[in-house]
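Subject: Structure for your review

Dear colleague,

Please find below the structure that I am handing over to you. I would be grateful if you could read the notes that follow alongside it.

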Amino acid sequence: MAEGSNGRRRFSDKWGKHELDVLAVLSSAFPQWLTSRQIAQRVKAYADSYGELADQAAKAAFAKQFQRDRAKLAAMGIAIESRQPEYSSKSEGQDFASYRLQLGDEPRVRLRFRQEDLPVLAAANYLARSMSISSLSAKHEEEQQQHTSRTAPRVPQTPTPGLGLDSIAPGLGTQPIPDTLVKVIDSRRFAATVDVDGEQMNVAYSDSDDLAMFVLEHPGACVLSPQEAVDALNRRLNAASNFTLADESQNEVKETIVSNSISKASADSDMEESKNHQKHGNSFQTGSEVDRRLRLMLFLSAHLGEEYSLEELADRFIGEPKNDDEKRKSIAVIRKDINTLTTVSDDGEMAGSQFFDIDWSLLDEEGIVSATNSLGLERLAGISQQYLSMLTASVSYLAHSSLLPDQQREQAEQLYERLQQHVKPGETPWLSLTGYEVEPRSFGIIKRAISTDSLLDMEYTDGTGRTRRKLVAPSKIFVDEGVYYVAVWTDVAKAAPKDEKQFVAKDTTINKANGLPRIWQVLRLSRIEKATLVEPTAKLDIPNVPVAELRKWSFDNGTPAVFITDKPGLSFIKTLPGATLEPCGEGEKVHLTVSSDSWFVAFCIAHARHIVAVAPETLRLMIVARAHRELSLEQK
């Protein structure tokens, strides 16, 4: 029994792989249960440190270390179940818990993934794991919610007995995840199940206001779970039904909201940040030495008898080397991992994990690994049907959103078609991220045009639905009422190449909203069907016009609206371009021009906790009527 200098017990881990030894011991004993004492005796590192668990100190030290190892395995998707046996006189007055590897009854799905699938698969896995997945009964969920704070994030829950995706997709953990994707997903810390036209959808959202806006922008949608999300939406509906009529008069303007936009300066900054992230890489789940060995163990368990070179395994589990020296080191690490997974002690006792029998001559002569006899661990390899459904939904979402580059979106579409064949009809839990899927496909190329001072040859649909083609100079992208707009400068004749001059159309008609010529054109990004970059022949002098002024070009007729808040400085007001604020009682009076009445109705209900009055009366009545309708549907 090892003792530290301070008198405390020191855990002996000569091999640095006691978690693997725990797994080997439990797997070789399956389906039998092993007591704490039996585990302590059979795992070499435990036996060295805690012996026979002869005293309370040894029992306490063992219990603490074993629970850490158990949690480590659980994080890798390998669950250990426990039970408390009946009292026995042989236990000398002390009951020991019993443990067994949880292999589960559900058949696991094994698919073949190509190396080119891994970047998309890693992104989809990151998205899927961020969503709340629960197979608990409704009753059990209610019991848990009673002990969980209403504001606590709904953390990802691993399906039992585990994910196991690493077991059939080696190299997943070395793939970089796009930084934009990580930021967007991580900012939506909660998840709810929403019914949209009879189909259930898992929605990840930032806060209750965010979820309410999503539901209200999808007519016929309702929140199914969790109950706290249902209650939060109802509180907003009840508050909105009590809105009073606001005074529309305008007094001293305290502040005018300046909306965020993407212009030349901000685009350059974003591109520089993107380059930095590409240099450093944002890898997901690269993990520790033990993590890597666990993934290698699961992979070889899933592919017994197949042959893999040390070089191929090194690329998949460590990453592609930058030079020959890194390549040699990676191969040496994998060779050491193989030895670790197949080590036995000199006296034949369990000292290592003994997971495999290896064809040593093939390994020594040709550097090829071929494993057999995995102690039954092949039962852990693969994906549960439940997680495959969520993964399929994640791949589908990424194929139709703008969170991935165009090339990866096409790969995601192809991967979805393959995964869908293995998902039972009607069992795919479709998912969405609030407030992000509205970004159109043309966003990327327009942003590049702005950052590179390029012209844009675009095909777009006009208000009558006809397709038009025009050469313009995009200046700013901004979001107005939940919709992406681009402001383009049409006076580009002097910078247009000869073969593009026919597409220049400088509009000099007068805009009724501001009385100025329509040299600026503002249109929704979603209306741009095709766009290509064009190198200008001369530098254009485009004026820097604030978004508040530019948005006046997006519509000639708008509705002047007012709402009053119960406190000043609310963050959601900062999303309203061109809005003016003035003090009003304990809060603020906000004046703005509304283009879409339906958007304003949803906006006011979503933020009804802090809005007390609205004007004009026509909009207030629309808000109250929508709130009453949603409440009546909820009661049915």
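Predicted model: local features only at pLDDT ≥ 70, side-chain atom pairs only at ≥ 80, totals over all residues.

Helix packing. The axes of helix H8 (residues 208-216) and helix H9 (residues 227-240) come within 10 Å, with a crossing angle of roughly 75°. H8 is therefore roughly perpendicular to H9. On the H8 side, the contact involves Ser 208, Asp 209, Leu 211, Ala 212 and Val 215, while H9 contributes Ala 229, Ala 232, Leu 233 and Arg 236. By class, the residues of this contact are six nonpolar, one polar and two charged.

Salt bridges. The count comes to 19 salt bridges. In helix H20 (residues 617-635), Arg 620 and Glu 617 lie three residues apart, about one turn of the helix. These two residues form a salt bridge, with their closest N and O atoms 3.0 Å apart. Arg 620 is buried at 16% relative accessible area, whereas Glu 617 is partly exposed at 31%. Elsewhere, salt bridges with shared partners link Arg 114, Glu 116, Asp 117 and Arg 418 into one network.

Lys 329 and Asp 325 also pair in a salt bridge (3.6 Å, N to O). Both belong to helix H13 (residues 324-340), and because they are four residues apart, about one helical turn separates them. Lys 329 is exposed (54%) and Asp 325 is partly exposed (37%).

Finally, Arg 468 meets Asp 462 in a salt bridge at 2.7 Å, N to O. Here Arg 468 is partly exposed, with a relative accessible area of 36%, and Asp 462 is buried, at 13%.

With kind regards

How values were computed. Residues numbered from 1 in each chain as written. Heavy atoms only, no water. Axes fitted to C-alpha atoms, helices over the stretch in contact; angles between N-to-C directions. Helix = DSSP H or I, 4+ residues; strand = E, 2+ residues; numbered from the N terminus. Parallel < 35°, antiparallel > 145°, perpendicular 65-115°, else oblique. Contact = heavy atoms within 4.5 Å. Nonpolar A, V, L, I, M, F, W, Y, C, P; charged D, E, K, R; others polar. Salt bridge = Lys/Arg side-chain N within 4 Å of Asp/Glu carboxyl O. Buried < 20%, exposed > 50% of the residue type's maximum accessible area, 1.4 Å probe, protein only.
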